[in-house]
Amino acid sequence: MSWLTWRQFRVPALVGVAALALFTAYVVHLGLDVRDAEDAYRAQCAGRSDCPRLAQLAVDYENTSLYLAALLAPVPGLLGMFWGAPLVARELEAGTQRLVWNQSVTRRRWLAVKLTVVGLAAMAVTGVAAALVTWAMSPVDRFADNRFSTVLFGARNLAPVAYAVFAVVLGVLIGLVVRRTVPAMAVTALVFVVVQFLVPNLVRPHLLPAEHVTLPMTASAINQARGLGGITGAPVVKGLTLPDAWITDVSELRTRDGTALDRAIFDRCFTDPPRTDPPRTDPPRTDPPRTGAAEGPFGDTATCLADHDLHVDVAYQPVGRYWSVQWLESGCYLVLAGLLAAVAFRRVQRRPS
């Protein structure tokens, strides 16, 4: 049975190995390039242990790190789509499963062997790819404060392997239910994308109890944010950062007594803030100086909001919990894969030939 499964699976497996070989060559070259850059920056620091130039490494390779993670991110889904979904659906569609079921091989053993062979292959391919990416970008990750980034988190260490197991089992179950190869592939891709969107946004932030802190919204703090206002016009600040922390939730702008800032006040500060007069100089300046509290991307808007003595309540996960979140999220995917496998075994036993 194992040999038969391997013969049916050998072409997709060889394609996966060839793709992995190309990916390995590129990532190894990139990893060596990153280390050459790190060595060059260390040389500029003349052996100092606290080399400030190394922080530039994260800036130089920020886009490369994101592109590499985006390249790895769809791999588990593709494995579920092209390896998992056709594994059973193709046989049900052609009716070839009857040749096995009418012999001494039980249905559950038939399914177990298929899941084991393809699942282990998916784990191996994804595990090697994730290990390569983690190794290549490790010098950059040491200085970049974005380990919990939605894209990067799912392309490092353990998580991609768990995603691959879940995707393959999901594809097998959908193929068992749909019984048509192409529709099963499409449904598998759709469901996996939906899950990959929901987990980082709704599950990951709550895997561990969050820490909380109150941040005063001074003009300087507002100007460090990436945006003001929500889609509905709510008085919110977007893109705040905390050192060594992943911010999971930010409240609306609140006044000193804890109530939400009146939307009319927010709109007035946003659309028509009082103008901050530039300071007088001698001799008078002819260029428009950016001075005082009105400096920054939000200028007078930030000054106007800061005059109302505002703050936000922030929930966050300390960066030291990174590995705990990796293990917990991976465990959730594996448990979910186990539940899907149990449903698949139950269904294959009950469905007629």
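## Basis of the model

Because the model is predicted, local features need pLDDT of at least 70 and side-chain atom pairs count only at pLDDT 80 or more, whereas totals for chains, interfaces and linings use all residues. Residues are numbered from 1 along each chain as its sequence is written, and side-chain values use heavy atoms, with hydrogens and water left out.

## Overall make-up

The protein has 13 helices and 5 strands, where helices (H or I, at least four residues) and strands (E, at least two) are DSSP runs numbered from the N terminus. Of its 353 residues, 43% count as buried, a term that means under 20% relative accessible area, with exposed set at over 50% and partly exposed in between (1.4 Å probe, protein chains only).

When contacts (heavy atoms within 4.5 Å) with a separation of 6 or more are considered, residues 24 or more positions apart account for 80% of them.

## The disulfide

The structure holds 1 disulfide, defined as a pair of cysteine sulfur atoms within 2.5 Å. The bond joins Cys 269 to Cys 304 with an S to S distance of 2.0 Å. Cys 269 belongs to helix 11 (residues 263-271) and Cys 304 to helix 12 (residues 299-306), so the pair ties together parts that are 35 residues apart in sequence.

The link of Cys 269 and Cys 304 is left-handed, with -55 degrees about the S-S bond, and both Cys 269 and Cys 304 are buried. Cys 332, in turn, counts as partly exposed because its relative accessibility is 40%.

## Helix 3 against helix 6

The axes of helix 3 (residues 62-72) and helix 6 (residues 107-141) come within 11 Å and cross at roughly 165 degrees; axes here are lines fitted to C-alpha atoms, for helices over the stretch in contact, and angles run from 0 to 180 degrees between N-to-C directions. That angle makes helix 3 roughly antiparallel to helix 6, the term for angles over 145 degrees.

Helix 3 contributes Ser 65, Leu 68 and Leu 72 to the contact, and helix 6 contributes Ala 129, Ala 130, Val 133, Met 137 and Asp 141.

## Pro 297 in its loop

Pro 297 is found in the loop between helix 11 and helix 12 and counts as exposed because its relative accessibility is 64%. Although Pro 297 and Ile 222 are 75 residues apart in sequence, their C-alpha atoms are 9.1 Å apart in space.

Technical notes. Parallel < 35°, antiparallel > 145°, perpendicular 65-115°, else oblique.
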